[in-house]
Amino acid sequence: MVTKGEKPRADASSESDGSRSGSGHEVGRFPGSPAGVEEGSPKRCVSEGSLDAEDLEIGALSEIDQKRGGGGGGARSPIRESRAFWMAEKEMEYRVDLFQQATPKYNSSILEDMFLEENAGIIKKAFQDWKTLEEALILLKVWARQRSSLFTHDCLNGYLICILVAFLTGETGGNIINKSMSALQIFRVTLKFIATSNTWEKGLALRPMGKHRYDSVFAIICCCHLDVSGHLNLAFRMTRAAFVELQDEAARTLNCIDKCGDAGFEEIFINKVDFASKFDSCLRINLEGNSKVFASDFCLDDECWRVCEKDVHSLLQQGLTDRAKLIRAIWRNMPSEWRIDDGFSNFGNEQMLVGISISSQDTSFRVVDVGPNPENKEEAIKFRKFWGEKAELRRFKDGTIAESTVWDCEPWERHLIIKRITEYVLSRHFLLLKEHMVHTVDQLDFSLHLGGKDPVFYSGLILGAFDVLSKRLWLLDEIPLKVSSVQPLDPAFRHTSVFPPEPHPLAFEKSSNKRPPNFVATCLQPLEVMIQLEGSGNWPMDHVAIEKTKSAFLLKIAESLQDRWGMFCTATEDEVNVHTSGYSFSLKILHERGLSMLKNQASTDGKPRTTPSIDKELFLRSQHSSMINGLHGRYPIYGPVVRLAKRWVSAHLFSLFLAEEAIELVVAYLFLKPFPFNAPCSRITGFLRFLRLLSNFDWTFSPLIVDINNDFTAKDEKEINENFLLNRKSYEENPDDIERAMFLATSYDKTSEAWTKYSPNKLVLKRIAAYARSSADLLTNLILQGPSGPYTWECVFRTPLNNYDAVVLLHRDKLSRPRHLLFPAEVQSGKLVICGKPSKAFNPYMPLRGAVKSLEDARDKLLVNFDPTTCFLEDLKKEFPDMFKMWYDSVGGDAIGLTWEKRISKKRNRDEEDEMRIDPLEILKQVGEVGKGLVKSVHLLKAPRVGR
């Protein structure tokens, strides 16, 4: 809408690389002029007392009049005519407000048009006959465009970048850029100037300012870049928040160049730094019909959209204080898919998008905010006025009495504190309802919750039980060799288990007086623990004998624990499990001679072993566990990101192909080499980057080097690259069958033999990447735009079953952990082959009262390390070793996907006329028979292809 006397303007939020100094032509006026007036009178351009501003604006308008032939006071000036017309019509109605509203942007837009040719001449002169500078400019523009929150209406555009580069080549810019530099050097120098130069505080100018100094003006302007006339700030549209983000991005890019060197080209120029993947917390605000938006005067210098951005930013900055390192509020008033034929009816219907980058885990997720001392009455009144009923006077442990706000929550809800603060502040000061604000930070938490709670709070109990076990093992003196070290191996100890086990009522010591519940889980998930014994020269030399000796030691350890502390123990031929403090621990012994024997055997016959020894596997797992524990100590959000990643991998039935340790290493890479971002500080942002890394990384021609301890030397990296190239020699011979399609190199495994030697192969990895790409695109749209029709947050973890040749559905009430089931599987197409009834021999829960005589009887019925789905898959592998490939969810799915491995031959040998052709329906019926009691139904979706 254009008011009378006001210059028409285009949408200020559109992105343009044209000849303007801002993306979109947004109107502005100098301070002190009446709203809607095209000001021409110098003395009416300023408010009282602003002498420096008056000098600046009077000088600007006087020179304009001289340039356009106005003579400084002539009646031919269109600005004066417009003002006179406006005054005649509105003087009586708006006399009171005539000199109260400042309009700097309006006047700046007029000056921008007037000096367009002169400023373009400066740019042309700087770039003339300088090809390297043109190439550097292209790099800078690509860099800016790849960062969507920079190339916006209130930050950068192509014109401003040109002006800045031209400034750095001139005398006023200190000739920082010269013709001896390469394009990359110019790119780096420009970014360094943006990030670190103190010149921004003094203001930039395309020509020497001489005796004219405007220090007081520069002090209130975040970014001032005077044009060739010396009167126009070319960056007048840039806000302080945008300038802070620009400097932060420039500094991060410089850090990437220093850390990555030539290898950082992709991170700097190729990778997209969009809103969803950059900010730790994104907030969508629906302001449609909000009274705060449209209550402002129609003739303000800024549009109502821009005013709301500033108000929201100011409120959140005041509410979050040092919790947030960066806050960006962007409201695109023009719909993203708008066409001119659509008219203007949909303008303003888009939601405001707010991005928040948190400062640190400890600072951002603290429970108490300490305010001013009550003796400072003025500050205390402001504090209480802002926080309202949340403000309270508290005495702290050090004796301090201060105003404060408290955000009480459970430990596993700490990541929601910023959400609660923003909702409270905006509801109180911006008249918003909670349903009008959508935070993305907790939208995927449903996938990690059981009964509305996150079981991660059991981690403290698990570590406590492990400490009890460790101390008791060290105190044992009944065994020939004492225990020298105890190390946890299970993901639950390093906070990366999707569902850490809860204490089991039947896994306590005999002396425990805890009252058991009515029902308990039948299956008990053990936690693996590795033990090392004192050294001795009496160990046998044979590998089988070593394993038998280990079993004897474990039995003696279990017997001693049971006799001294009343701990329950169960033993099988393969493992010994000890129950204490509500948990079951599976004990494993590592003997170093097993590692040396493996090396000696490999060196004598010259051929690598196809399977690692038990000792080597334990050693690798112990090394991995130690490093991941250290990484989680540095990045507390690492655990939740890994849990989401594992949940996604399992939900899409990739559990058999991607080891848990491999997932942990891929996520670790995001924290160790986060460029072009900072390390993620929220679970949803880290999860989105994990999906993009899976889908975009060049797995065929690049190794993923995970340097957790940051101790790799150039020699180590060279060795890893040589191992990788040696592994990829088979690519030319058979591109579809590459060993170690996902090459993960670590300090303890430089050949990627530990977790990805045989799986996934190239075809499976290609399928995983396709699923990850689809999920990443969906998640990005959900963050930026919200759910649309059937595409909701739950869809990120829903897998399409029609992509398999056959689907086996399991009885949900016969799963070992039915509470872990995310979505019940359903098959809408295909042919039903067989249906099965549930077995009565197994139930996931057993009663403890009435049906069981004593707790000892119940413990006898307890199934340790038992999973019917895993047993069913092992039986299928034995029955049909090469018939089909199996896909399943190890966390708690009720569906198994099958894809045919072999083509069924259509021709018969003449000598085998009696051989019947294989019928896929008969095969699937046999599958149902193998899983009788567990299998609910089997569906054939696609018949196997016939080969000739």
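User: I'm new to this one. Among contacts with a separation of 6 or more, what share comes from residues 24 or more positions apart?

Analyst: In the protein chain, 74% of the contacts with a separation of 6 or more join residues 24 or more positions apart. Keep in mind that this is a predicted model.

User: How do I read a nonpolar core?

Analyst: Here's the general idea: in soluble globular proteins, nonpolar side chains tend to be buried together. In this structure, the largest nonpolar core has 79 residues. Those with the most contacts inside it are Trp648, Val667, Phe687, Phe690, Trp699, Leu779 and Phe797. Several elements supply at least two residues each, including helices α21 (614–634), α24 (683–696) and α26 (762–785), and strands β4 (324–330) and β19 (806–810). Another core, of 59 residues, lies apart from it, with Leu111, Met114, Trp130 and Trp143 among its members.

User: Let me zoom in on Phe687. Which residues does it contact, leaving aside neighbours within four places in sequence?

Analyst: Phe687 is in contact with Leu444, Val641, Leu644, Ala645, Trp648, Leu779, Val796 and Phe797. Two of those names, Trp648 and Leu779, are also on the list of core residues with the most contacts.

User: Phe687 and Leu779 also turn up where α24 meets α26. How do I read that pair of helices?

Analyst: Start with the geometry, then go to the side chains. Helices α24 and α26 pack at about 145°, and their axes are 7 Å apart. Their crossing is left-handed. On the α24 side you'll find Ile684, Phe687, Leu688, Leu691, Arg692, Leu694 and Ser695. Facing them in α26 are Ile768, Ala769, Ala772, Arg773, Ser775, Ala776, Leu779, Thr780 and Ile783. That contact divides into eleven nonpolar, three polar and two charged residues.

User: What about α14 and α17: at what angle do they pack, and how far apart are their axes?

Analyst: Helix α14 (residues 304–320) and helix α17 (residues 417–429) pack at about 130°, with axes 10 Å apart. So the two count as oblique to each other. The crossing of α14 and α17 is right-handed. From α14, the contact uses Val312, Leu315, Leu316, Gly319 and Leu320, while α17 brings Ile418, Ile421, Thr422, Val425, Leu426 and His429. By type, that's eight nonpolar, three polar and no charged residues.

User: Now the loops. Which peptide bonds are cis?

Analyst: One of them runs from Phe675 to Pro676, with omega near 10°. Pro676 sits in the loop between α23 and α24. Another joins Ser759 to Pro760, with omega near 5°, and Pro760 belongs to the loop between β18 (744–745) and α26.

User: And how do I read a positive phi?

Analyst: Asn175 has phi near 50° and lies in the loop between α6 (158–169) and α7 (183–196). His495 has phi near 65° and is found in the loop between β10 (483–488) and β11 (519–521). Asn175 counts as partly exposed because its relative accessibility is 43%; His495, at 23%, is therefore also partly exposed.

Conventions: Residues numbered from 1 in each chain as written. Predicted model: local features only at pLDDT ≥ 70, side-chain atom pairs only at ≥ 80, totals over all residues. Heavy atoms only, no water. Axes fitted to C-alpha atoms, helices over the stretch in contact; angles between N-to-C directions. Helix = DSSP H or I, 4+ residues; strand = E, 2+ residues; numbered from the N terminus. Parallel < 35°, antiparallel > 145°, perpendicular 65-115°, else oblique. Left-handed = near helix turned anticlockwise from the far one by under 90°. Contact = heavy atoms within 4.5 Å. Nonpolar A, V, L, I, M, F, W, Y, C, P; charged D, E, K, R; others polar. Core = buried A, V, L, I, M, F, W, Y, C linked by side-chain atoms within 4.5 Å. Buried < 20%, exposed > 50% of the residue type's maximum accessible area, 1.4 Å probe, protein only.
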